[in-house]
Amino acid sequence: MELYKLTIHEAQEKLRYGDISSVELTESVLEQIEAVDGQVRAYISTQPELALQMARFADERRATGEDNPLLGIPIGIKDAIVTHGVTTTAGSKILENFVPPYDATAVAKLRQAGAVFVGKCNTDEFTMGSSTEHSAFHQTNNPWDLNRVPGGSSGGSAAATAAYEALAALGTDTGGSIRQPASFCGVVGLKPTYGRVSRYGLIAHGSSLDQLGPLTRDVEDAAIMLGCLAGHDPHDGTTLTHAVPDYVAEMKQGDDLKGVKVGVPQEYFVEGLDQGVSETIQAAIKQLKTLGAEIIEVSLPHTEYGIPVYYMIATAEASANLSRYDGVRYGLRVDGGDMWNTFNETREAGFGPEVKRRIMLGTYALSAGYYDAYYLKAQKVRTLIRRDFEQAFEQVDVMVAPTAPTVAFELGSKTDDPLEMYLSDTFTITLNLVGGCGLSVPCGFSEGMPVGLQIFGPPLGESAILKVAHRYEQSTNWHQQTPSALG
């Protein structure tokens with residue numbers, strides 16, 4: 001049996017009944033990593049000895065009668081999320097040798113649940129990118145076509161999940177960095193409501209936008225992961241205090257989508273949307289209607305301002321967050337003879353071109369004389385975008401749209417055109433600006449590559465989007481397809 005191909009809930013059933021052990025499951029995943037990661041390059045580092053140690057401990061815990069949905073499950077961790085005692089780089093040379101002395105809250109929750117950590121997944125440097133080509137260490141390749149990108153910045157996490165190099169992976173989403181790579185790699189990617197999952201221990205990019213979430217091979221696994229990750233954290237003052245529901249149970253309530261109002265925002269079906277992607281999404285919407293959903297056209301009139309607003313706010317916050325990397329406190333240090341030269345030479349050597357570009361843009365936007373004209377105006381338009389979503393959700397329960405305007409593009413095709421790269425996030429960034437929840441679920445193929453259907457809801461609307469995604473997934477077989485590049 002190819003144990004590495006099991007979903008979390010399938011593996012948990014076999015573990016629960018003693019059909020397999022966590023050690024056997026973990027060994028199967030590690031063997032798959034050894035077999036395919038030379039092509040996919042999903043990981044910056046792997047920790048096989050640690051993984052087997054955690055697997056043995058999980059088997060011991062199970063022998064005492066403990067039962068947990070993630071006990072003994074091999075999982076990848078995006079390398080922008082700190083892990084105690086394991087090098088965490090954020091895909092950057094400036095943190096190449098950084099070994100955190102603590103766990104991120106999300107990692108601590110997974111550890112407490114008995115999950116097994118197999119490695120740190122590749123990421124665009126400081127999560128700044130849409131293709132995982134901006135990692136300081138290596139690019140990651142799409143398991144469906146090794147000449148295409150996996151998306152980004154959680155491209156390593158998506159590729160690892162799609163290539164069976166983990167049963168699931170933890171990613172982060174600042175402007176679509178979970179959902180877009182999930183679409184490109186044909187897996188499920190869930191961005192929770194802002195504040196639903198603690199950001200403590202996430203190496204910050206845009207603090208008002210960042211959110212952690214899972215990448216999995218089906219919707220039920222995403223619900224399982226979210227149930228473990230969600231909840232208030234005293235270490236993070238932005239986390240919500242609302243009780244965490246049983247996402248799996250709520251997702252499975254009812255047999256169809258009768259009574260569910262699904263909004264289709266007209267602004268997401270515009271020029272620039274690939275025809276094959278559009279046809280695939282329209283077929284998915286038709287399937288939702290067949291399942292009983294009421295399809296309602298809605299409008300989000302300020303969507304066109306999403307890209308400029310997002311990149312103004314995100315770069316400004318990145319400029320502030322990355323000022324701590326100065327060669328003095330931790331990370332890379334290049335001695336320049338005095339404080340200012342050390343500061344400059346460390347950042348010159350440690351940061352890649354995309355990070356430098358965003359720091360410069362953000363610093364400019366926050367500078368005297370430009371703050372009101374750019375950053376403050378962007379925040380005002382952000383409020384208008386949020387009001388668009390609030391008004392739409394007064395009419396519907398969830399909304400659906402393409403996750404990305406195209407399928408995964410070829411490696412190197414957009415690295416020389418930053419604006420073209422930024423536009424690949426055009427359908428995902430507005431959700432981060434308003435703090436809502438969303439996921440991408442496989443819904444078909446175009447050009448032989450996966451297409452993702454994006455389902456998004458209001459803040460704390462995870463149960464609703466999971467239910468719609470699960471009903472759709474169970475009525476199709478797209479999530480069961482195997483990446484063609486891996487045979």
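**Helix packing and aromatic pairs**

In H2, Ser22, Val23, Thr26, Glu27 and Leu30 meet Pro48, Ala51, Leu52, Ala55, Arg56, Ala58 and Asp59 of H3, a contact being heavy atoms within 4.5 Å. By class, this contact comprises seven nonpolar, two polar and three charged residues; Ala, Val, Leu, Ile, Met, Phe, Trp, Tyr, Cys and Pro count as nonpolar, Asp, Glu, Lys and Arg as charged, and the others, Gly among them, as polar. The model is predicted, with local features needing pLDDT of at least 70 and side-chain atom pairs pLDDT 80 or more, while totals for chains, interfaces and linings use all residues. Residues are numbered from 1 along each chain as its sequence is written, and side-chain values use heavy atoms, leaving out hydrogens and water.

Helices H2 (residues 22-40) and H3 (residues 48-63) pack at about 155°, their axes 8 Å apart; helices are DSSP runs (H or I, at least four residues), as are strands (E, at least two), numbered from the N terminus. Axes are lines fitted to C-alpha atoms, for helices over the stretch in contact, and angles run from 0 to 180 degrees between N-to-C directions. H2 is therefore roughly antiparallel to H3, a label for angles over 145 degrees.

Phe126 and Phe351 pair edge-to-face (planes over 60 degrees apart), with 5.9 Å between centres and 75° between planes. Phe126 is buried at a relative accessible area of 0%, and Phe351 is buried at 5%, where buried means under 20% (1.4 Å probe, protein chains only). Phe98, Phe126, Tyr325, Tyr330 and Phe351 form one aromatic cluster.

How values were computed: Angles under 35 degrees count as roughly parallel, over 145 as roughly antiparallel, 65 to 115 as roughly perpendicular and the rest as oblique. Rings of Phe, Tyr and Trp (its six-membered ring) pair if their centres lie within 6.5 Å; planes under 30 degrees apart count as stacked, over 60 as edge-to-face and the rest as tilted. Buried means under 20% relative accessible area, exposed over 50%, partly exposed in between (1.4 Å probe, protein chains only).
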